[in-house]
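Here is a report for a reader meeting this structure for the first time. Look it over, then read on.

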Number of protein chains: 2
Amino acid sequence: MKENHKTGSVYLHDIPLARAWDMLIQALETADLWKPLAAEEVQLENALGRVTAEPIWASLSSPHYHAAAMDGYAVQATATSGASDRAPVTLRIGPDAVYIDTGDPMPEWADAVMPIENVESIEETVDGRAREAIRIRAALAPWTHVRSMGEDMVATELVLPAGHKLRPIDLGAIAGSGHDTIRVWRRPLVAIIPTGTELVPPGTPARVGEIIEYNSLVLAAQVETWGGAATRFPIIPDDFERIQETIVEAAARHDLILVNAGSSAGSEDFTAEVVQKLGKLLVHGVAVRPGHPVILGMISRSFGTNADMTGIEVPKQEDARPGVDRALSAHVPVIGVPGYPVSAALTGEIFVEPMLARWLGRPPLEPLTLEATFTRKVHSSLGDDEYLRVTVGRVGERLIAAPLSRGAGVITSMVRADGIVLIPAGVQGIQAGETVSVRLYRSLAEIEHTILALGSHDMTIDLMAQYLSAKGARLSSANLGSLGGLIALSRREAHFAGSHLLDPDSGEYNLAYIEKYLPAIPVVVVGYVTREQGLIIPPGNPMKLTGLADLARGEITFINRQRGAGTRLLLDYHLEQMGLEPEAITGYGREEYTHLNVAAAVASESANCGLGIRAAADALGLDFIPLFNERFDLVIPLEHYQSPKLAPLLEMLEDAEFRRSVDSLAGYDTSPMGSIIAEMG
Amino acid sequence: MKENHKTGSVYLHDIPLARAWDMLIQALETADLWKPLAAEEVQLENALGRVTAEPIWASLSSPHYHAAAMDGYAVQATATSGASDRAPVTLRIGPDAVYIDTGDPMPEWADAVMPIENVESIEETVDGRAREAIRIRAALAPWTHVRSMGEDMVATELVLPAGHKLRPIDLGAIAGSGHDTIRVWRRPLVAIIPTGTELVPPGTPARVGEIIEYNSLVLAAQVETWGGAATRFPIIPDDFERIQETIVEAAARHDLILVNAGSSAGSEDFTAEVVQKLGKLLVHGVAVRPGHPVILGMISRSFGTNADMTGIEVPKQEDARPGVDRALSAHVPVIGVPGYPVSAALTGEIFVEPMLARWLGRPPLEPLTLEATFTRKVHSSLGDDEYLRVTVGRVGERLIAAPLSRGAGVITSMVRADGIVLIPAGVQGIQAGETVSVRLYRSLAEIEHTILALGSHDMTIDLMAQYLSAKGARLSSANLGSLGGLIALSRREAHFAGSHLLDPDSGEYNLAYIEKYLPAIPVVVVGYVTREQGLIIPPGNPMKLTGLADLARGEITFINRQRGAGTRLLLDYHLEQMGLEPEAITGYGREEYTHLNVAAAVASESANCGLGIRAAADALGLDFIPLFNERFDLVIPLEHYQSPKLAPLLEMLEDAEFRRSVDSLAGYDTSPMGSIIAEMG
């Protein structure tokens with residue numbers, strides 16, 4: 001056991017985000033780094049996405065001469081005067097009219113173009129000699145169908161201001177205004193150093209205790225997306241000297257260093273100490289969740305370092321021309337990025353993006369922010385700004401935001417997030433039904449195509465998501481359990497809910513619950529599947545289980561589903577029938593939210609068994625003791641059932657290939673799929 | 001003069017856009033090309049922005065073992081039971097408690113982590129021997145502060161569906177789920193062939209009749225933005241054989257060929273004929289404006305071509321691995337892209353983007369679309385879909401959309417456009433005040449930061465735009481003339497208007513007009529500059545002009561400003577005073593919208609003189625006969641004057657550097673700048 005978490009001179013002390021930024025900006029200003037880094041000249045063909053370092057003034061007018069705007073004949077407008085259908089005018093080819101293509105320069109004597117389609121070619125005979133001519137039947141005002149010089153741009157005009165991120169069309173306008181190179185702010189060079197003895201690169205078979213290192217992949221992609229150039233260093237073990245050496249190496253050639261992780265105060269967290277040794281530790285700990293163990297520091301750059309950069313590819317500034325100012329500052333900011341993937345990605349958004357924006361002379365990104373109705377009560381720590389990931393969809397007229405997992409280690413919560421709701425420090429949380437501002441991660445179009453499913457978990461939800469994605473829709477689901485799904489429908493927070501609630505009195509599924517929980521909402525209950533429920537057990541059934549009665553055996557550890565889940569209700573019903581007390585079951589209190597997580601608990605031997613569906617056992621190579629067959633229906637409010645948004649879902653239920661893909665999962669029977677079981681309300 | 005525009009077998013015949021697309025899709029389907037092109041395997045680090053070709057299923061759970069979620073001590077939860085402040089529990093280091101860092105695997109016997117901050121390290125003496133231990137003052141439930149296996153992802157779960165464009169966070173999730181490569185749809189290879197004898201590359205000094213070729217730059221950047229890989233071919237002269245050869249060459253290695261231009265029916269437009277010779281001409285002419293001379297065709301690929309690709313860099317598929325299916329189809333679509341820059345860029349948006357989207361297995365881009373109030377009546381051709389460029393800003397509560405230049409040659413109209421309003425075929429136009437849907441080209445944040453100036457043109461508007469851009473605001477201006485600006489304010493369509501309207505009765509500027517046109521709107525009139533108005537004339541004054549009286553000399557050609565412009569009103573007032581009839585002035589009827597365009601007309605010798613400000617003459621190296629000094633004010637409605645949005649504008653008027661930059665322009669005096677001239681209404 002290592003002790004420096006107790007003896008280390010730097011200890012985590014969270015400060016508010018705004019104060020952390022103030023300190024960072026002050027340090028950057030002192031180092032003369034709170035401004036764009038330096039300009040460089042690039043060829044226009046390499047300038048897409050770059051930011052202009054100075055205003056671009058037209059050096060050439062466009063067009064730069066009077067040009068024909070149509071294919072036709074250049075003429076003098078006065079020569080056409082009086083022409084009409086009844087009194088056509090004849091103009092001689094050559095002296096009076098000259099054929100001209102669009103874009104050709106106007107002859108000096110001409111001031112109008114007669115379009116080719118309004119011209120009749122004729123041959124006159126004059127003094128016995130054939131002569132080509134045209135006949136026209138309308139007069140032209142001077143400068144008709146002529147693009148006069150400077151129509152588009154006049155030399156000296158502003159084409160684009162400084163600080164503009166270049167789009168495809170801008171490149172054309174700049175070229176047209178007489179330039180073929182342009183000065184842009186150079187890309188910030190960002191070193192990304194993954195540290196951790198336990199880390200292994202992606203693609204390595206990971207043993208217990210080894211963690212696949214992918215934060216550097218995410219951070220590098222973020223940096224590229226935001227206009228920087230990233231260098232990913234190899235993984236450095238938790239060793240003070242090695243980390244220090246690597247930071248010194250990186251500092252020689254980069255504008256910013258991200259060290260991931262080692263930013264906390266654990267026994268192998270060296271980043272803060274290294275920063276303190278090489279320069280100044282500004283901040284250790286920021287009151288944001290997830291992500292609080294952030295380090296901000298400023299170190300001195302050692303220009304003389306004869307660093308061994310073998311195997312590290314530093315981005316080249318290929319576009320650079322000789323003589324461009326690319327002097328590096330004497331100081332380099334260092335950010336210690338927390339190790340949890342959600343924290344790491346958010347640290348990128350909160351600290352790295354605005355710094356790159358400043359260095360690139362552009363405003364920080366402002367995501368589209370919309371108001372949405374929040375679905376569930378959430379408590380938040382008074383001391384922290386919390387960045388809550390949410391799914392967002394439009395249900396009826398309202399945008400609905402439902403919170404996702406808050407775990408800093410749950411990267412899938414970021415992948416699935418449609419946006420972020422910020423709960424500021426000093427606020428205790430959000431009430432269900434409250435209106436919140438959501439910073440969107442996706443386009444509004446994607447949000448509009450999102451089908452929100454809140455309710456029971458089923459193994460086929462992934463197949464649904466895949467099918468709908470191919471049809472241009474997007475399925476966003478959260479596992480609230482069957483009852484939770486019906487309640488979400490009653491609050492008009494979802495488009496449909498999967499449900500498998502057995503009514504013991506009737507032996508029927510769902511209908512009694514819908515009557516109780518959705519009295520005011522007309523719904524269509526659509527058949528989906530029947531599936532086998534039973535005990536998920538390790539291969540070979542080492543504990544010799546036979547049924548639910550075995551759960552009360554003292555040596556058996558059970559893994560349960562969350563309250564409100566249909567499977568939990570099923571269990572509780574049967575335990576009651578059997579007269580078994582929950583207290584008698586070891587592990588009854590430990591809850592998982594999906595069948596697959598129950599199976600994972602069994603596979604990892606943290607439990608001996610759980611109640612779930614056969615397909616989950618099958619997916620992880622486990623054994624299964626079948627106990628019940630149950631019907632799993634889709635409950636769809638009538639207004640959504642009839643809406644175009646859900647059309648792809650209803651088509652899916654008729655699709656033979658989708659049905660086959662569900663049938664291929666163990667324990668499923670798709671015969672109910674697509675049948676109307678009931679129309680209610 | 002060439003004749004094939006008359007004899008050519010293919011002649012421009014516009015068909016509706018939807019029909020053109022139907023024909024294109026049918027041809028692509030026949031060629032088995034209306035689907036993603038082919039999948040290839042890429043390393044995750046090269047996968048940013050690529051589109052998944054198949055669903056990604058987790059091959060590893062995350063975490064893939066039970067892991068500590070905090071730095072602290074791994075313990076058995078049962079061993080902590082009963083611990084409290086009053087009854088602390090002591091656990092021996094070693095048998096009962098083991099130090100563990102976040103992410104470390106849990107010992108098999110442990111099922112909870114006591115965070116380091118809740119632990120007191122002590123030394124016990126047992127049987128006379130010192131022993132390390134910890135004291136704890138709270139009990140833990142089983143699995144507290146443990147990330148159980150699969151908490152984030154369980155192996156076999158769907159990580160991402162097919163058809164998903166990869167973001168930074170996605171790369172992390174895929175790596176965490178056990179993959180280091182991924183199958184994505186390969187990039188479509190797009191050949192861009194600029195044709196035209198008159199074309200010269202950017203950076204070439206362009207002589208009269210030469211046109212700088214930049215459409216290929218724009219098209220290539222569009223293709224890259226949309227996920228394709230572009231090859232820009234060198235400029236090919238207008239020569240049937242050369243164009244044919246080049247298309248055949250390009251077809252050997254590309255998925256799509258864009259030929260620009262030669263798509264019309266002029267004497268040197270060969271694209272349609274070449275397409276007809278090499279395959280099938282599907283469409284020649286689409287009823288869209290701008291952009292109608294579009295060609296759509298499908299040609300046979302000649303695999304045996306021993307094409308000379310010298311000097312042409314074809315994008316490499318570096319990420320590709322051996323064995324990936326990259327067979328090219330036997331057919332290649334060809335799009336003849338019109339030559340006008342706005343038409344070319346819109347053809348990219350209308351035809352190329354959706355085709356690339358299909359080939360990349362992603363939905364076509366859907367720009368954010370918002371409702372806005374349209375400012376001016378616009379007529380549109382009944383036969384065409386018109387893509388009208390507009391500026392957009394929020395004035396008070398409403399979004400305001402003002403039309404920009406409709407010229408197909410005016411690339412600055414695309415650069416300045418905040419969005420597009422589509423006027424469909426069959427609709428005659430848009431009324432002022434009508435609500436229209438705008439497809440935004442910019443983010444809503446940018447729109448919200450936009451200051452709309454509608455009114456008089458002044459040479460310092462470019463300096464304002466540059467200043468405001470540096471402050472994070474954006475100036476969007478349209479030249480409606482001084483009167484037009486006041487009317488726009490009265491309709492609440494702009495944030496401020498520049499105005500220099502002389503009231504002959506009082507000799508005062510603007511106030512009388514404001515009283516008349518803005519009776520109901522409280523405004524602040526802020527001083528800006530005085531500037532010299534006079535005759536803009538060629539260097540050396542070859543026509544020996546002395547003043548306005550000379551305009552009536554028959555040999556003088558004048559260039560005028562548009563109706564409603566302050567300068568036009570100034571001219572008309574003086575002409576009336578002098579008893580000069582407009583009809584007596586040659587060129588009185590030819591109107592330009594800016595001082596600089598008036599100067600450009602003089603510089604290009606299409607006029608002998610125009611009335612305008614000295615700075616415009618100065619910018620183009622012209623001479624100037626000063627006639628008047630006039631005050632140019634900013635008229636700002638009180639509600640905007642007091643709003644944060646206009647704060648940067650008001651700060652600008654106090655900024656010494658800005659003032660200096662205006663003073664440095666010829667004929668300007670900034671002494672009125674920032675003074676309150678009147679508060680009215």
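## Two packed helices

In chain B, helix H10 (residues 461–470) packs against helix H17 (residues 647–654) at an angle of about 115 degrees, and their axes lie 10 Å apart. Axes here are lines fitted to C-alpha atoms, for helices over the stretch in contact, and angles run from 0 to 180 degrees between N-to-C directions. Helices (H or I, at least four residues) and strands (E, at least two) are DSSP runs, numbered from the N terminus. The crossing of H10(B) past H17(B) is right-handed. A crossing is left-handed if the near helix is turned anticlockwise from the far one by less than a right angle, and right-handed if clockwise.

H10(B) brings Met464(B), Tyr467(B) and Leu468(B) to the contact, and H17(B) brings Pro648(B), Leu649(B) and Met652(B). Two residues are in contact if their C-beta atoms, placed from the backbone, lie within 7 Å. Of the residues in this contact of H10(B) with H17(B), six are nonpolar, none polar and none charged. Ala, Val, Leu, Ile, Met, Phe, Trp, Tyr, Cys and Pro count as nonpolar, Asp, Glu, Lys and Arg as charged, and the others, Gly among them, as polar.

This is a predicted model: local features need pLDDT of at least 70, side-chain atom pairs count only at pLDDT 80 or more, and totals for chains, interfaces and linings use all residues. Residues are numbered from 1 along each chain as its sequence is written, while chains are lettered from A and ligands numbered from 1 in the order in which they are written.

## Chain A as a whole

Chain A has 18 helices and 38 strands. Its radius of gyration is 35 Å, well over the 26 Å that the globule rule gives for 681 residues, so chain A is more spread out than a compact globule. That radius is taken over C-alpha atoms, and the globule rule is 2.2 Å times the number of residues to the power 0.38. The C-alpha trace of chain A spans about 120 × 75 × 45 Å along its principal axes.

Of the 681 residues in chain A, 54% are buried. A residue is buried if 20 or more other C-beta atoms lie within 10 Å of its own, exposed if 12 or fewer, and partly exposed in between, with C-beta atoms placed from the backbone. Take the contacts in chain A between residues at least 6 apart in sequence: 78% join residues at least 24 apart.

The domains of chain A are domain 1 (4–37 + 187–318 + 327–359), domain 2 (39–63 + 151–185), domain 3 (67–147), domain 4 (369–448) and domain 5 (480–680). Their bounds come from an automatic or database domain assignment. Between the C-alpha centres of domain 2 and domain 4 of chain A there are 40 Å.

## Where the chains meet

In chain A, 97 residues touch 97 residues of chain B. Helix H3 (residues 168–176) of chain A gives the largest share of the chain A side, eight residues. That side has 50 nonpolar, 31 polar and 16 charged residues.

Helix H4 (residues 215–225) of chain B is largely enclosed by the rest of the structure, because nine of its 11 residues are buried. Among them are Leu217(B), Val218(B) and Gln222(B). The cover over the buried residues of H4(B) includes H3 of chain A, and also strand S13 (189–194) and helix H7 (341–359) of chain B. Just after H4(B), Gly227(B) has a positive phi of about 100 degrees.

## A buried tyrosine

Tyr668(A) sits in strand S37 (residues 668–669) of chain A. It counts as buried because it has 23 C-beta neighbours inside 10 Å. Beyond its neighbours within four places in sequence, Tyr668(A) contacts Val529(A), Arg531(A), Ala615(A), Val662(A) and Asp663(A).

## Backbone exceptions

Most residues other than glycine have a negative phi, and most peptide bonds are trans.

| Site | Feature | Value |
|---|---|---|
| Ser62(A) to Pro63(A) | cis peptide bond | omega near -10 degrees |
| Asn260(A) to Ala261(A) | cis peptide bond | omega about 0 degrees |
| Asn541(A) | positive phi | about 50 degrees |
| Glu605(A) | positive phi | near 70 degrees |

Pro63(A) lies in the loop between strands S2 (56–57) and S3 (67–68) of chain A. Asn541(A) is partly exposed, with 16 other C-beta atoms within 10 Å. Glu605(A) counts as exposed, with 12 C-beta neighbours inside 10 Å.
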